[in-house]
Structure formats: structure tokens, C-alpha cells
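User: I am new to this structure and would like to learn how to read it. Please show me the general idea and then the case at hand.

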Amino acid sequence: MSGAPMKIDAQLPTASPANGWIVLLGVLAVGLALPALVSGYYVSLGTQVLIFSLLAMSIDIMAGYAGRTPLCHGAIFGVSTYAVLYGVSVAGFPLVTAIALGIAAATCVAAIFALLAIRTSGVYFLLLTLALGMIIWGICLRWTRVTGGENGIRGDIRPAFLGGNVPFYYAVLGLAAVLAVVMWRFVSSPFGMSLKGIRDSEGRMQSLGYNTNLHLFLGFTMSGFFAGVAGAAYALFNNFVSPSTVALTQSVEGLLMAIVGGVGTLWGGLIGAAAIILLENIVSTYTERWPTVLGLTFIFIMIFAPEGVLGKLRAVLTRFRN
Amino acid sequence: MDRRTFLRNSALAVAGSGIAAEPWRIAAAQATPIKIGLMAPLTGVVAAGGKEVVEGFQMFWDSVGGEIAGRKIEVTVEDDAANPDTALQKARRLVEQANVHFLFGNILANTGLAVANYVKGNGTPYFIPVIAADDLTQRARIPNVVRVAGYSASQTPRPAGDYALKQGYKKAATISQDYSFGHEQCGGFCQTFTEGGGQIVQQFWHPLNTADLSPYLGQIANLGVDAVFVMETGADASRFIQQWSNFGLKGKIQLVMCQNATDQSVIRTLGAEAEGLVSCAHFAEGSPEPSTQKFVADYEKRYSKLPSIYGFSHFSGAMWVAEAIKKVNGKVEDREALLTAVRSIELSNSPLGKTVKLDPYGNPIYDIFVRKVARRSDGKLWNVPVSTYPSVSQFWKYDPETYMKQPSYSRDFQGIKKT
């Protein structure tokens with residue numbers, strides 16, 4: 001592979017794979033050093049950032065690479081959380097079985113949503129996925145026998161060796177690193193290229209002989225798989241799940257994280273998750289009106305950096321290089 | 001200078017430094033503040049109640065000058081937004097970042113259960129004057145969770161079931177918010193009512209924050225029941241009372257309200273539609289008991305409104321824990337000692353006027369009033385006791401061990417006796 005970046009899409013400059021590995025290792029180094037730098041509470045915030053960055057990245061696969069913006073990934077994420085907690089607390093399965101169940105459940109739900117939604121695009125896709133996510137929320141809220149309704153499901157499912165903030169953080173860091181690399185290779189693969197092609201012009205891809213529906217179906221299901229893994233990690237983090245985990249706000253927050261970081265950059269998910277979670281937690285210690293601050297920040301970003309933080313950074317760097 | 005002047009000056013200097021050093025010594029002995037984490041829903045369906053939790057709590061600490069046993073009291077207030085996920089996040093922040101000595105508060109049972117699950121893992125004492133989930137002092141007792149100045153969900157509706165039987169009601173229905181507090185309150189009512197020969201015709205459950213209750217009211221109107229047990233809190237309670245009156249059902253079918261539905265936080269903004277409503281509770285702001293009236297007068301002077309269960313319970317809860325802190329001489333870091341002290345306190349100067357103590361399972365025993373909503377001389381609505389059920393515990397007349405063998409109240413199990 002040559003060192004020059006491939007200019008496949010005119011919209012965003014892409015980093016070359018070599019640069020990508022360097023940046024990733026840099027971020028990983030910071031991640032490894034974090035518990036030594038900050039107190040226990042901020043380490044648990046770091047764990048949250050990692051888990052939600054996986055959700056944001058899974059949304060970016062659809063929104064950024066396939067060009068279809070979904071509003072249901074929060075529900076898919078939460079289905080996994082519910083399944084894991086239900087599996088351990090109610091059904092009494094061993095933890096590993098419950099985690100597998102959670103990921104499988106999320107992937108199945110994503111597959112079903114995909115079958116229903118991929119023939120639409122744009123606003124219709126957005127609305128359809130919103131509605132599908134709400135169906136999941138409605139079930140979780142009212143099927144009290146299974147999901148606990150308003151009370152949710154409580155558990156104490158984290159294994160003893162991951163009990164503290166720091167051990168669990170390292171476990172999640174490892175998981176996030178592995179999964180992020182898998183997602184990155186997924187979108188950089190020929191399959192990922194096809195998704196980008198479908199995003200740029202579905203008609204042209206079809207005339208070239210690609211089965212665009214199959215590509216979108218597989219892309220959606222894979223993004224659901226990744227969201228499901230994040231959901232299972234969240235179950236271990238929180239030891240608790242309630243209907244707000246599958247609500248529309250969760251999907252919207254995930255999408256916001258992807259947008260703030262930069263749609264179509266994949267790594268923007270990490271930046272967006274960090275930005276939003278840290279903003280939420282730090283600003284709310286100073287004022288009750290933190291949602292206003294969040295909203296204003298978002299407006300600011302949309303006006304001055306609509307391609308997201310990472311997108312803007314890359315644009316600036318490219319201009320600087322040229 | 002000569003020797004005399006020197007001796008006099010040195011003596012004065014030593015005496016002066018001795019006096020000056022005294023405050024330093026006392027300051028060094030004075031310990032760091034006692035940090036309390038108070039969580040309340042300042043936004044959401046019970047926001048009015050949440051605000052009063054904070055008010056009642058602050059009023060007590062201000063009344064003792066903001067310090068107990070020589071240590072200052074520092075209260076950090078967090079909003080749980082009536083959402084269990086948010087409550088969990090805030091609890092985590094209070095314990096791990098703000099390093100509070102103990103947690104207090106929350107209103108909705110689902111938020112309390114989420115936080116209780118969290119403190120079970122790290123041993124932080126958690127005091128819950130309003131969280132009424134039965135099992136926290138029954139089948140799923142957690143050693144560091146104590147219901148100071150609180151009540152369990154099924155405790156107060158049981159006398160209501162008995163009252164309904166004494167009024168001659170034979171058939172009843174229940175309408176309730178669909179979460180654990182609602183299930184347990186209705187369960188308490190239904191079990192007592194059916195064990196006394198009454199019949200529960202149908203039960204209605206709706207999600208929290210249901211704006212339009214007409215589908216349920218329409219069905220209730222056609223059921224042919226003598227009475228309806230109403231389990232609503234916060235905004236849902238105001239809406240129910242107004243819509244019941246608008247439907248023209250007031251007076252046609254008798255209502256037996258739960259204590260939250262006729263609480264001050266609900267009725268103070270209502271009018272004639274709330275008059276005459278009957279409920280059962282351990283606290284009635286219209287009670288003629290002198291200590292109750294003094295508390296009501298103080299509260300009204302400070303906040304320009306009559307106290308609700310939320311203000312009262314957190315005032316009494318703070319009083320209870322303050323007594324315990326005094327008992328352990330301010331050493332709140334020793335959690336075992338603090339919790340043992342809390343469980344042993346018999347509170348004699350609470351606004352209820354009677355001594356209150358915890359039963360062996362960690363829940364208070366109260367005299368429960370049958371109370372009615374009436375107009376005070378200045379036109380404000382308040383709850384006045386009509387009759388009393390003395391010394392009601394969370395187990396009513398049942399033997400605790402036998403009672404705990406039956407399943408917890410849920411949507412599926414309401415204690416209804418099969419005839």
C-alpha cells in the first residue's frame with residue numbers, strides 16, 4: 001500500500017493506515033495511563049466514555065459510511081443490556097452465557113430492523129428506525145413480568161476480579177481497543193468501500209452489479225452486533241437497566257456523539273463520547289442548566305464545524321500540509 | 001529595661017500567647033465537616049415533592065445551626081430527575097467524587113431500589129424517609145439501608161382496606177401507577193379488603209405521567225363498584241382528582257385515596273374537587289397535636305406553604321440521624337456504629353408528637369390516621385384526622401415470618417384472597 005492517502009471521497013480527507021496506527025497507539029497510551037492520573041470517579045467516567053464511544057462508532061458505520069442515519073441503536077444497545085441482566089439476575093445463567101445471549105439478542109434485533117428499514121433512505125429511514133426503537137422501549141416499559149417495567153432489572157453481575165473501578169476500566173479499555181480496530185478494519189475493507197459507494201450513489205452501485213440491499217442489511221446487522229457488545233459491557237458497568245436505557249434519548253445521544261466527533265470518521269465516536277459525557281458530568285457540578293450548555297455547544301459545533309471535531313481537525317491538517 | 005518591667009512583660013506575653021493559643025487548639029480539635037449526599041427529583045413527575053424534600057431537610061439542619069456534635073453539616077443536593085439511571089449516576093458521583101459520609105433521599109421507589117442496589121456493594125449508609133419499597137425492610141433487607149422516619153408501601157393502605165370494610169363497601173376497584181410502589185400499595189389494600197370479605201372487581205395500571213386518564217375513568221364508571229382505591233402521586237394525582245371531578249364521578253363512587261394522592265404537594269393547588277377526600281396516613285398536617293402544629297407553623301412561616309409528606313419526612317429523617325450522630329459523638333466515619341445508633345434511636349420530639357421507633361426489621365411503627373381533606377379557617381386545604389389506628393407496623397396484624405413467606409406484591413400477586 002502506498003503512503004499517499006487515497007482520495008476516494010471528495011468530502012473528507014482520510015488518514016493513511018500508517019498514520020492511523022500511530023494515532024491509535026497514542027490514544028491507547030493515554031488510556032493506559034489514565035488511572036494513574038485521575039481519581040477513581042473519573043476512571044469510572046473513562047469507562048463510560050469507552051462504552052459509549054463503541055455505541056457512537058457503531059452508529060457511525062451506518063450514518064457515516066452507509067449514508068443511512070439510524071435512530072434505533074440506543075434500543076439495540078439496551079436490548080443487550082436487558083438480556084445480560086435478565087440472564088444473570090432472573091434466569092440464573094452463568095455470566096458468559098448471558099453476555100453471549102445479550103450480543104445475540106442485539107444482533108437479531110438489528111437484523112429484523114434491517115429487513116424492515118433498508119429499502120428506505122434519508123428522512124424515512126430516520127423515522128422508521130425511530131419508530132422501531134420506540135417499539136422496543138414500549139415493550140421494555142410495559143412487559144413488567146419480564147423486564148421489570150419502570151423498576152428495571154437490578155443485579156450484581158460483575159465478577160469479583162473486575163470489581164473495582166480500575167480493573168474494570170482496563171478490561172473495558174482492552175475490549176474497546178479490540179472492537180474499535182475490528183470496526184476500523186471493517187469499514188476500510190472492500191465491504192466498507194462498497195458501503196461508501198452506496199452512500200455516494202446507490203444507483204451507480206446497482207448498475208455496477210452490487211446487491212445494495214444485501215450490503216446494507218449486512219452493514220446494519222454488523223453495526224447492531226457492535227452496539228450489542230457495548231450494551232453487554234454497560235450491563236457489567238451499571239449492574240442495572242431501566243427503560244431509559246432503550247429510550248429514544250439514548251439513540252439520540254449516541255448519534256450526537258457520532259456527529260460531534262465527526263460523521264464518517266469512525267474515531268470521531270470516541271471524541272464525541274468523551275466530549276458529551278465529560279461535559280455532562282463536569283458542567284452539572286456547576287449548574288443545573290447543563291442541558292442548555294450542551295445545546296449551545298452543539299449549535300456552536302454545527303455552525304463552525306459541521307463535519308465534527310475530528311473532521312475539522314483533518315481538514316485543517318490537510319490544508320496545513322498543502 | 002529593668003528586671004521588673006521585663007518580668008511583667010514576659011508574664012503578660014506568656015499569658016497572652018496562652019489565651020491566643022486556646023482557639024487554635026480548639027480549631028484543631030474541631031473535625032472536618034459531615035458530608036451528606038441528598039438526592040431528590042428536582043425535575044420530572046414528582047418535582048414538587050422533590051423540592052420539598054430539600055426544603056424539609058434544610059429546615060432541620062438550619063434549626064440546629066448547621067452543626068451536630070461539633071462538626072459542621074455539608075449537604076450536597078443532586079437531582080435524580082425521577083429516573084433510576086440518573087439516580088444511579090448521581091449516587092455514584094456523590095459517593096466516589098464528593099466522598100459523602102452517607103446518602104439520603106430519593107422519592108420514587110424505582111430510583112431508591114437502583115441506589116440501594118449500588119450501596120449494597122459499597123456499604124455507604126443510605127437513609128430513605130420516603131422510599132417505601134416493602135422489601136427493603138422485609139425480604140431483601142440491606143444492612144446499610146434504613147428507613148428512618150419513613151414507611152413501607154403496604155403499611156398505610158392496610159388500615160384503608162379495613163376502613164373501606166367498616167364503611168360497608170363490598171366491591172372495589174383499584175387504579176394505580178404501574179411501578180413497584182403502586183403494586184405494593186394496592187396489594188396492601190387488596191389483601192386486607194378481601195380478607196375481610198370484600199371483592200376486588202378489577203385493577204387498572206397506567207404508566208407514570210399519564211396525561212389522559214379518561215380510558216380508565218370510563219371503564220371504572222361502568223363497573224358497578226362501591227369504592228375505588230386510588231394510588232397516584234405527584235402530577236398524576238392532581239390530574240386524577242381533576243379529571244374524576246370533570247367526569248362527574250365525584251360523589252357517585254366513593255374514593256379511598258392513598259396518602260400521596262391527598263398530600264399537601266397535590267391538594268394545595270386544587271379546589272373544591274379535592275374536598276372531602278379520604279386517605280390513610282401517619283402524618284396529617286391538620287392534626288391538632290401541638291408539636292405537629294408547631295412544625296406546620298414554622299414550615300409555613302419559612303416557605304409560605306403547608307408541609308407535605310416530603311418536607312415532613314425529611315425533616316424528621318434529618319432529626320433522627322442527627323440524634324444518632326450525637327449518640328456516636330460525631331464519628332460518622334465508623335459506619336457500623338452509626339447504623340447501630342440509628343436503629344436504636346426512639347425519636348420523641350418529632351412533629352408527630354408521639355415517640356416513634358423502628359421495628360426489628362428497620363421500619364417505623366406508627367399510629368395511622370384516617371384523614372379527610374378539609375378547609376382551614378383561611379381557606380387553604382389540609383388533611384384533618386378523623387380516626388386513628390394505633391401502632392400499625394409494616395406487617396399489620398400478621399406474624400412477620402409467616403407474612404414474608406408469601407411473595408412480594410407485584411402486578412401478578414396482589415394478596416387477593418380467593419373465595
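Analyst: What follows covers chain B as a whole, then a sheet, then a helix. This is a predicted model, where local features need pLDDT of at least 70 and side-chain atom pairs count only at pLDDT 80 or more, while totals for chains, interfaces and linings use all residues. Residues are numbered from 1 along each chain as its sequence is written, and chains are lettered from A and ligands numbered from 1 in the order in which they are written.

User: How many helices and strands does chain B have?

Analyst: Helices (H or I, at least four residues) and strands (E, at least two) are DSSP runs, numbered from the N terminus. Chain B has 13 helices and 15 strands. Its C-alpha trace spans about 110 × 50 × 35 Å along the principal axes.

User: What share of chain B is buried?

Analyst: A residue is buried if 20 or more other C-beta atoms lie within 10 Å of its own, exposed if 12 or fewer, and partly exposed in between, with C-beta atoms placed from the backbone. In chain B, 52% of the 419 residues count as buried.

User: In what order do the strands of the open sheet lie?

Analyst: Two strands pair if DSSP finds at least two bridges between them. Here seven strands of chain B form an open sheet with mixed pairing, in the order E8-E7-E9-E10-E11-E14-E15. Strands E8 (199-206) and E15 (381-392) of chain B are at the edges; each has a single partner strand, so one side of each lacks a neighbour in the sheet.

User: Which strand is joined to E9 of chain B by four bridges?

Analyst: Strand E10 (residues 254-257) of chain B runs parallel to E9 (residues 227-231) of chain B and is joined to it by four bridges. One of the pairs is Val228(B) with Leu255(B) in E10(B).

User: Which residues of helix H10 of chain B are buried, and where do they lie?

Analyst: The buried ones are Thr292(B), Phe295(B), Val296(B) and Tyr299(B). Seen down the axis of H10(B), they fall within an arc of 100° (taken from the directions from the helix axis to the C-beta atoms), so they line one face of the helix. Pro290(B), Lys294(B), Ala297(B) and Lys301(B), on the other side of H10(B), are exposed.

User: What covers the buried residues of H10(B)?

Analyst: Two residues are in contact if their C-beta atoms, placed from the backbone, lie within 7 Å. The cover includes helix H2 (47-63) and helix H11 (309-327) of chain B. Just after H10(B), Ser304(B) has a positive phi of about 55°.
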